[in-house]
Amino acid sequence: MLISLNDISKYYGATLILENINLVIEDNDRIGLIGINGAGKSTLLNIIEGSLDFESGTKNLGSNFSMGFLKQNSGLNSSSTIEKEMQSVFNDVNKAMESMNRLFADMSKIPQNTSEYTDALSRYNELQAFVDAKDGYNINVKINKILTGMGFSDKPSDTVISTLSGGEKTRLALCKLLLEEPKLLILDEPTNHLDFKTLTWLEDYLKTYKGALLIVSHDRFFLDNLVTSMCEIEDHKMYRYPGNYTQYLTLKDERIARMQKVYDSQQSEIKKLEDYVDKNLTRASTSNMAKSRRKTLEKMELVEKPPAPAKKAKLRFDYKIEPVKDILHVNDLCLSVGSENDRRKLMQHFELDVMRGEKVALIGENGVGKSSFLKAIQDIIPIDSGNIKWGKNVKISYFDQENGDLNFEKTALNEIWDRYPSVYETEIRNILGSVLITGEECYKPVSKLSGGERAKLKFALIMMEKGNVLILDEPTNHLDLNTKEVLDKALNEFTGTIIMVSHDRYLLSKVPTKIVEITSDGKTEYKGNYYYYLEQQKNQETKKEQTETIKNAKIDSAAKTGYNKSREQRSLLAALRREKTQLETTIEETENLISRLEEDIASPELAADYEKLNEVCLKVENLRTLLDKHYERWTEISDLIPE
């Protein structure tokens, strides 16, 4: 046991925040902590840390307990450099190594057959054992590994911390905590400011972390990948569920259903007893039985009424006009941002086709141009050159993460009503109510709404617009977990077309039918969701490793005949030969299919059907692109396999 909380209650003045909280954290626990804003998550973390007192209950710590708590810019010396700050974690080890060096120098001057030499040698051995236990000779390796993984490989080690951005300071604070390796690591929203690559590295690192983890996060994918139990603070109490975030969703529904069933059963029993007492208490023949049942009622331990389910937004996106099949064609797009000396090229000769019903997600590093692309295809910002063509009957609804299309001076009600003046106020208020903007909140200026409320207001507008193409730029930013779940469902049920940019990997794993990864060199398309993208990335890495292994192997004349190769070499060569054979079959089949389709294209029947002809031509084009990739891989493998 690392730490246990027993019946902890906390008030701020007369306001109850936490009531009878019980939590035991064992070695290697992986716990996710969630709850609505203001539920008491930060209060609980501060109680665990020890920076906040509590009114009742007890807190017990295990032996040799150590804790690290990631806060904004926590634990950093702003005047220090990155290297010095990371090395400060190992001050005791570095001092021990310095002492060893001094002792070694001193021992060279002391005769070996003296007690002074024996004492010095004994002290040297003690220091050596300490350094070995701390893995002191690998300090620089550890530091470089974590700094590289957390995205600091491009930062000089002598960079002064005060020159870093807020997000970089938070990432660096996390690096320092990971190097300290406390027995309990508390992370409050650790995924903020992290790109996909860094997120993946951090998840992999934390999976093998030797201590326990307590994580507060709105990143559902992160929680799914890491935690083995979920704790939710709700109505001042805390409930713990085994499993990750996705399992928690099911288990919570089951718990509430059980509680409701037990509560309803008891209420039914109480009603029967009360009716019996009321009817029979004054009758002489049944008075004793009535009194007995009244005592039963008085002694009955009442089952707590289940909390009313939290109100959830209701989102449903639909449209009235069906667009053509070819929604969007982007050809040879060149895009830059900025002005004059600050102008920066984002995309060169970019191509993208979107078909009706596709749900396309654009991903890539920050600054690569994803949001700018969404604006460019809507003619919100100019392009350098290229062609952007939308199909007929396309009606766009745009979710701008910067809320640039909202009037901050208007009230929430008028923001919609002024766009739809012929609609009755009741209908406007109903649509606002569906996104939980009710009562006096309807008359709040948009400038006074929270980020989450503005996002919900925008969803209300999109529902009114009834666009058949949704263009969404980071739609889950600022949303609470409940609304994220509602949005996932609404986007999945939407039968129109979606083009979106998102860093929400949980959303990306649920909604898209195609992932487009944008890099500075161009793009790569993946016909599937985020899980499919990750699978393809892993396959590519495996192929790359195989290729590098074969390239680096020294294959002499004996090796070419099949002798003296290592087992790994033989296995990899066999796998490559199998892949080559399979590729040859696939290439032949693809070429035959292309030939048949080209014959169809030449037929008079198909020539008379423009839509079908266009569809077949597009299929041939895609097959030729695929064929080129097969040939490229076949050539690559052929060069690696000895004759």
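Where does N64 lie? N64 lies in the loop between β4 and β5 (67-70). Helices (H or I, at least four residues) and strands (E, at least two) are DSSP runs, numbered from the N terminus. The model is predicted: local features need pLDDT of at least 70, side-chain atom pairs count only at pLDDT 80 or more, and totals for chains, interfaces and linings use all residues. Residues are numbered from 1 along each chain as its sequence is written, and side-chain values use heavy atoms, with hydrogens and water left out.

N64 has a phi near 55 degrees, a positive value in a residue other than glycine. Its relative accessible area is 65%, so N64 is exposed. Here, buried means under 20% relative accessible area, exposed means over 50%, and partly exposed lies in between (1.4 Å probe, protein chains only). D7 also has a positive phi, near 50 degrees, and is a residue other than glycine. D7 is placed in strand β1. With a relative accessible area of 41%, D7 is partly exposed.

S80 sits in the loop between β5 and α2 (82-87). S80 counts as buried, because its relative accessibility is 11%. Contact means heavy atoms within 4.5 Å. Leaving aside neighbours within four places in sequence, S80 is in contact with E85, T159, V160 and I161.

Two helices were compared with their expected spans. The expected span of a helix is 1.5 Å times one less than its number of residues. Helix α6 (residues 166-180) has 15 residues and should span 21 Å at 1.5 Å a residue. Its end C-alpha atoms are 21 Å apart, which agrees. In α6, 13 of the 15 residues are buried, so this helix is largely enclosed by the rest of the structure. Just after α6, E181 takes a positive phi of about 55 degrees.

Helix α7 (residues 196-207) has twelve residues. From its first C-alpha to its last, α7 reaches 16 Å, close to the 16 Å expected at 1.5 Å a residue. The buried residues of α7 are F196, T198, L199, W201, L202, E203, Y205 and L206.

The next pair is α9 and α10. The axes of helix α9 (residues 245-280) and helix α10 (residues 287-299) come within 9 Å and cross at roughly 145 degrees. Axes are lines fitted to C-alpha atoms, for helices over the stretch in contact, and angles run from 0 to 180 degrees between N-to-C directions. The crossing of α9 and α10 is left-handed. A crossing is left-handed if the near helix is turned anticlockwise from the far one by less than a right angle, and right-handed if clockwise. On the α9 side, the meeting residues are I270, L273, E274, Y276, V277 and N280. On the α10 side, they are S287, M289, A290, R293, R294, T296 and L297. By class, this contact has seven nonpolar, three polar and three charged residues. Ala, Val, Leu, Ile, Met, Phe, Trp, Tyr, Cys and Pro count as nonpolar, Asp, Glu, Lys and Arg as charged, and the others, Gly among them, as polar.

Salt bridges were then searched for. A salt bridge is a side-chain nitrogen of Lys or Arg within 4 Å of a carboxyl oxygen of Asp or Glu. The whole structure holds 35 salt bridges. One of them joins E55 to K10, with the closest N and O atoms 3.9 Å apart. This pair links distant parts of the chain, 45 residues apart. E55 is in the loop between α1 (41-49) and β4 (56-61), and K10 is in strand β1 (residues 3-12). E55 counts as partly exposed at 48% relative accessibility, whereas K10 counts as buried at 7%.

K466 and D318 also meet in a salt bridge through their side chains (3.1 Å, N to O). Here too the pair links distant parts of the chain, 148 residues apart. K466 is in the loop between α14 (451-465) and β15 (469-473), and D318 is in the loop between α10 and β10 (326-337). K466 is partly exposed, with a relative accessible area of 29%. D318 is partly exposed, with a relative accessible area of 29%.

K375 forms a salt bridge with E402, and their closest N and O atoms are 3.2 Å apart. K375 lies in helix α11 (residues 370-376) and E402 in the loop between β14 (396-399) and α12 (412-417), so the pair ties together parts that are 27 residues apart in sequence. K375 counts as buried at 18% relative accessibility, whereas E402 counts as exposed at 55%. Finally, E358, K514, K523, E525 and K527 are linked in a network of salt bridges.
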